[in-house]
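Notebook open, structure loaded. I'm jotting down what I looked up, chain by chain and then residue by residue.

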Amino acid sequence: MLELKVQKEILVRFQSLLALLLMVVIFSVCAEGFFSKDNFWLVLRQVSVNTCLSVGMTLVILTGGIDLSVGSILALSGAIMAGLFKNGLEFPVFNLFIGFTLPGAVMAGLTVGSFLGFFNGLMITRFKIPPFVATLAMLTIARGLTELWTGGAAITGLGKTFGYLGTGWFLGVPIQVWTCAAIVAIVLVVLKKTRFGRYVYAVGGNERAAKLSGLNVNRIKLLVYTIAGALAAVGGLIVTSKLNSATPTAGDGYELDSIAAVVIGGTSLSGGKGSVLGTILGALIIGVLNSGLIILRVPPFWQKVIKGFVILLAVAIDKLNTKEQ
Amino acid sequence: MYIMDQSKTNNIVLQAKSISKTFGGIKALDGVNLEVYKGQVNAIVGENGAGKSTLMKVLTGIHQQYDGQIILDGHIITFANPKEAQKNGIAIIHQELNLIPYLSVAENVFLGREFISRLGLIDYKRMYGETRKLLERLDLHINPRIKVSSLRIGQQQIVEIAHALSLDTRIVIMDEPTSAISEHEIKVLFDLIRSLKTQGVAIVYITHKLDELFQIADSVTVLRDGKLVGSSSIEDVTHDDIVRMMVGRDIKDFFVKADAAKSEEVFSVRDMCLAHPRRHGDYVVDHVSFTVKAGEVLGLFGLMGAGRTELLETIFGLHPKISSGYIFLNGRQVKVNSPTDAINLGIGFITEDRKLEGLVLQMSVASSISLASLEQTERFGLLSATLETQLAQNYVERLRIKTPSVKQIVENLSGGNQQKVIIAKWLATNPRILLLDEPTRGIDVNAKNEIYRLVSELTQAGLAIVMVSSELPEIMAIADRIIVLSEGKQTAEFTLSQATEELIMKAAIPKSFVLQHSSTL
């Protein structure tokens, strides 16, 4: 009996991993071409953007918040990088022109993304606007700014170097997968091994108790939303570089995929409970599902329906297990 | 074992026979018998973990799997769910009330059973009328249209009782009904219970406070470790008998604190004020001043709403914008604008509500202990699990925290051990002053005594302690000096030799209470 219980515990603990493996096995059998080296890297490359966003989203959700603006911030940051790199900044009034190198343009885009995240945090901590509302507003604001900046048309022709980040390989692994892995590694260490990481869990678990224990709750939240913005900008860099162009509609709806990844990964929307590793599994599950359904030629509309049900299933299983305990 | 009077058996409405209930191999209830009599207050006492809550959950249909029988009006009965128990006339009033704050009193009383008019709309006129009738029966004269959120806790409790009565309840289970209400509200509640008795309602009354038993109970049943220790009519037992049955050994008199050497004044506040958040010009804390010496326990006594908690919160920097006053540490004036400031100055604050304010429940024991002083578990800028475990292990041993390991989730600990974890968290910050707000609320007798011993040890080590308590025997046993608050004002100060229960209570009762006494709340 004890053995059974232990087995069950392991089953519960690794349920996302098992679900992922199960999906891989099923698609490998059913979908011809799924289990191949090419498709392996394709899936990982597609997952890397969502992983960037989802890692930031995990931090936000761990504090008990939500960030709906990451898709729009991704678009604006990408557009700024592309626009500055290609056209520079012109101030006709002062007869001034500033040109940007690639690193300069990327830095500028990352700064804008971080700032918008910081602005989210400021609204949430200073003016006590609920995260849902504050970031919903930012979703519209950043999207509008993107359209203004691009004039509603894609910024294209960015050259080979810009594209390298999104299409290049290093030591047999796509650059974007390296980027994503580095981010994951850093955030993992931060969450497990730094005071800030511990405080993120404390704030989400019980904000009042955290405050009474002397934690600067506002500063922690501010930082978390800033990081989410910065990681969205990294996502913007990858997307822009991959397509070698910045479109005003880039990243549309990505916030939902990233929330889905976090939720499938077992992080509680009420905060305080969850992990980045779970989120990565969540992102992989979504990625594998996308890929498998495409190879099986499931019509795109049906893909959405199926994806929705997978989210429900994942959370329902999770809830059933916690209820038993 | 005490034997029940056989002549009363006719009046038994509810009977539990050798009820056993097992959770994951551990017996929460082991062959417990209980008899509930019509028109009586049937008290159940026992330490935390004695099985009281589990027994109530069996009786109210929350747990459906158990061994043994429930007999209602002479018939064996099983409840498939709580609703069935309700239909059979059994209602429970939980410690945490189950009302919806933004609905009116009437809407709460008839929630899910609203009267519908012929047009298919809610018949408010009838609902208000019926509610008013019910409330009158309970001697609560409030408008059934007002929102529950604007009522005091004691009034809300009565609304819950009204809800129970509206269901034709014959057995009302009350789980620690006096834990959150003022002395005055307790009196009103007891009057109400007495009147329910005469109406033939059976009351099952769960409590920690033994003094209450002798005021209100007709019989008492004692549980310990899931087993029935004994039942008796209240006239046949003494306070000490019950305590002995609860803890299973003879207890000495109330805890006696060792006297610590009191040296110089370390901490004082002068003219602490906290403005009322809504009523302009009104104060929740009104010019309070006191001093504490190292090794001394200053007791703060006051009834609900006296501003005790708010005073501690103000000192701890939780209301910087609406408070004023001066805080001195070792004679030097200091500024406390946030909890962080307070902690840096060596002030710790053990809050009244463990679950809402003290702990992050899903954290481990180790993480909970290190939370307020995490920097000391850092090595090369990164958290070290080894250092954290050492820190936690040290306090687990020192405070005798009962936990399988420091990795245990703190939510799974008993109330007393959770409280010790919180104390450990503050001791880890190396405080010089500890503010304790009702540190023994809702924990069992043994755990209480351990907390007292701990407080005593801390004063020996030279800490200055400010302790809020609403239990008179407790504050008189622990404190060296006592300050009494009433309606935000400091109304008296006693040294231990001057203090008597009567004097303290007299100083604590607000003037407004005396005027509008009894029946109306």
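Ground rules for myself. This is a predicted model, where local features need pLDDT of at least 70, side-chain atom pairs count only at pLDDT 80 or more, and totals for chains, interfaces and linings use all residues. Residues are numbered from 1 along each chain as its sequence is written, chains are lettered from A and ligands numbered from 1 in the order in which they are written, and side-chain values use heavy atoms, leaving out hydrogens and water.

**Entry: chain A overall**

I looked up the secondary structure and got 14 helices and six strands for chain A. (Helices are DSSP runs of H or I with at least four residues, strands are E runs of at least two, and both are numbered from the N terminus.)

How does the radius of gyration of chain A sit against a compact globule? For 325 residues the globule would be near 20 Å, and chain A has 20 Å, so the two agree. The radius is taken over C-alpha atoms, and the globule rule is 2.2 Å times the number of residues to the power 0.38. I also noted the C-alpha trace of chain A, which spans about 80 × 55 × 35 Å along its principal axes.

Of the 325 residues in chain A, 49% are buried. I then checked contacts, meaning heavy atoms within 4.5 Å. Among chain A contacts with a separation of 6 or more, 77% are between residues 24 or more positions apart.

Surface: chain A exposes about 16200 Å², with carbon and sulfur atoms supplying 70% of it. Those areas come from the Shrake-Rupley method with a 1.4 Å probe, and for residues only the protein chains shown count as cover.

Charges: I found 25 positive and 13 negative side chains in chain A, with the centres of the two sets 8 Å apart. Lys and Arg count as positive, Asp and Glu as negative, while His and the chain ends are not counted. Each charge is placed at NZ of Lys, CZ of Arg, CG of Asp or CD of Glu.

**Entry: chain B overall**

Chain B has 18 helices and 22 strands. With 521 residues, a compact globule would be near 24 Å in radius of gyration; chain B comes out at 25 Å, which agrees. Its C-alpha trace spans about 70 × 55 × 50 Å along the principal axes.

In chain B, residues 24 or more positions apart account for 67% of the contacts with a separation of 6 or more. Chain B exposes about 23500 Å², and carbon and sulfur atoms supply 49% of that. The 56 positive and 61 negative charges of chain B have mean positions 3 Å apart.

Which domains does the assignment give for chain B? I got domain 1 (6-247), domain 2 (252-346 + 431-521) and domain 3 (362-424), with bounds from an automatic or database domain assignment. The centres of domain 1 and domain 2 of chain B are separated by 34 Å, taken over C-alpha atoms.

**Entry: two buried residues in chain B**

B:Leu72 is in strand E4 (residues 67-72) of chain B. Buried or exposed, I wondered about B:Leu72? Buried, at 5% relative accessibility. Beyond four places in sequence, the contacts of B:Leu72 include B:Val13, B:Ile90 and B:Arg170.

B:Ser368 is in helix H12 (residues 365-370) of chain B. It is buried too, with a relative accessible area of 5%. Leaving aside neighbours within four places in sequence, the partners of B:Ser368 include B:Leu359, B:Val410 and B:Lys425.

**Entry: helix H1 and positive phi values**

Six of the eight residues of helix H1 (residues 52-59) of chain B are buried, so the helix is largely enclosed by the rest of the structure. B:Lys52 is one of the buried residues of H1(B). Just after H1(B), B:Gly61 takes a positive phi of about 80 degrees.

I also logged positive phi in residues other than glycine. B:Asp271 has phi near 55 degrees, is found in strand E11 (residues 265-275) of chain B, and counts as partly exposed at 32% relative accessibility. B:Asn330 has phi near 50 degrees and lies in the loop between strand E14 (323-329) and strand E15 (332-334) of chain B. At 44% relative accessibility, B:Asn330 is partly exposed.

How values were computed:
Buried < 20%, exposed > 50% of the residue type's maximum accessible area, 1.4 Å probe, protein only.
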